[in-house]
Amino acid sequence: MEVHNASVASISERLQQFYSQRQPFRVYHGSTNSTRTSEKNRDNIVDTSKLNHVLEIDNEKKTALVEPNVPMDALLDAAMKNGLVPLVVMEFPGITVGGGFSGSAGESSSCRHGPFDSTINWIEIVLPNGEISRASKTEKPDLFWGAASAFGTLGIVTLLEVQLRDAKNFVELTHYPTSSFADANRKIQGEVANTAVEFVDAIAFSSKSIVVCSGRLVDTVPAGTKPRQYLRRQDPWFYLDVQKRTRKVKQPVVDYVPLVDYLFRWDRGGFWVARYAYKYFFTPFNRITRSLLDNFMHARVMYHALHKSGLSDTYIIQDVGVPHDAVDKFHQWVDQNLNIYPIWLCPIRTRRDEPDSAHGLHADFADPKGPEFMLNFGIWGPGPTDYKKLVHLNRAIEQKVHELGGKKTLYAQAYYTEEEFWQSYTKPEYESVRERYHASHLPSVYDKVKVDENAKNNAMEGSRMPKVLRNVRPFQGLYGVYKAWRGGDYILQSKKGSVNRPLSKQDS
């Protein structure tokens, strides 16, 4: 802990300097899974990139003591060496523990355990005045819940205790084909109500083809059954495999998937977003090309390329949740106005049961009269080529979600006006925590997540890509791939070993 404490002390000293002048700052984490453009100035940067260690795994308490820049694959590796696994593992290996807490994150086990921040026992945080504080659900709960999903606008989280549970070798994954959104919504709710089920999500391939995926942990697979794997170059992409094997059947399809393969099943292809890259680059989309280009088809590389190319400004990238009783209305609107498929569906238990948890951006999650669950829609696909039309469509999504009592995950582009934003999020409970802990002079969450046209323009002007090639297909995308390669993401991915996982004879 000595090295950790020294790093935190250095951060504290730097924040004290900024606070004496009431100067805002930005944090350099070393990586991002956001799709928003941000502008940084070296003079106001606090570098936390070295806070990237798993400090302790406690087998008795079933907890992990983790610094914020530890990515999911490193946390999972450390936990599984001890026969344990986090309650919620975010879908991409490069998403960090701090990002999951300070941003917003959920996965298929969130139907049981809630968003990732609900699986954190306590945090260490350096407040804007330099004070080093500790907060949990029982000790300074206002600060704990205020910092959750606050995107660093209450201070810098420097340490987290993550809840773990016993791991098993495989996930028994049952795919239930359905032919309508109403049927899929009912099936999702039914699987969530089944206490034996531990993971639930779904893939909508069209309005009439939705596959609900329901899983539970198991130690072994039946004799003669071959596990389905998804992380190797020669393996199929998960969504394509599910689509192929459920297309012509009406009965459930049961698979046995190694635990790590299941938890990171979406990494190759970034769900299915990488498929659009093949079309963009005039490249055939088949098993051979997916294998040849595999190193570029992982989320770490894709996010870097997306940032550097600026192509995120041409896509609809939205994660939004609506209560189950609004699912049919929202889907009908999405189908009529967007017609983007596939769509990821993930039920998340958003209600907070802990006392004194009505604080921060999502204070309303503590309201027992509010919805217990929301169904998340992951909507990712090409938008209108006209930027004004793209903005209009994104704003329409945000307005429809608000109308239906839903919430938007803020890692992506946010097109709200400030007034609209605070109609969806609990400003009084958020600002009261900021004032209490010396953060009122910092940019707000809205300032952090809104579309920053100046940052986008400055990023493009600072680009080394020749002006004549900007916004020209495929050169804009090639520039992003080149920057990802130069930045080492390609090399990192090509050298990345598989996460430690137990093996059975059937998996050898």
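A residue is called buried here when its relative accessible area is under 20%, exposed when that area is over 50%, and partly exposed in between (1.4 Å probe, protein chains only). At 1% relative accessibility, Trp 272 is therefore buried. The structure is a predicted model, in which local features need pLDDT of at least 70, side-chain atom pairs count only at pLDDT 80 or more, and totals for chains, interfaces and linings use all residues. Residues are numbered from 1 along each chain as its sequence is written, and side-chain values use heavy atoms, with hydrogens and water left out.

Rings of Phe, Tyr and Trp (its six-membered ring) pair if their centres lie within 6.5 Å; planes under 30 degrees apart count as stacked, over 60 as edge-to-face and the rest as tilted. The model holds 30 aromatic pairs by this rule. In one of them, the ring centres of Tyr 239 and Trp 272 are 5.6 Å apart with planes at 65°, so this pair is edge-to-face. It bridges distant parts of the chain, 33 residues apart: Tyr 239 belongs to helix 7, and Trp 272 to the loop between helix 8 (259–263) and helix 9 (274–280). Helices (H or I, at least four residues) and strands (E, at least two) are DSSP runs, numbered from the N terminus. Tyr 239, like Trp 272, is buried. Trp 272 also forms a tilted pair with Trp 380, at 5.7 Å centre to centre and 40° between the planes. Here the partners are 108 residues apart, with Trp 380 in strand 15 (residues 373–382). Trp 380 has a relative accessible area of 7% and is thus buried. Ring pairs join these three residues into a cluster that also includes Phe 92, Tyr 230 and Trp 344.

Charged side chains make further links. A salt bridge is a side-chain nitrogen of Lys or Arg within 4 Å of a carboxyl oxygen of Asp or Glu, and the count comes to 23 salt bridges. One of them joins Glu 354 and Lys 137 (4.0 Å, N to O). Glu 354 lies in the loop between strand 14 (343–349) and strand 15, and Lys 137 in the loop between strand 7 (132–136) and helix 5 (141–147), so the pair ties together parts that are 217 residues apart in sequence. Glu 354 is partly exposed at 27% relative accessibility, whereas Lys 137 is buried at 13%. Another salt bridge brings together Glu 198 and Arg 165 (2.6 Å, N to O).
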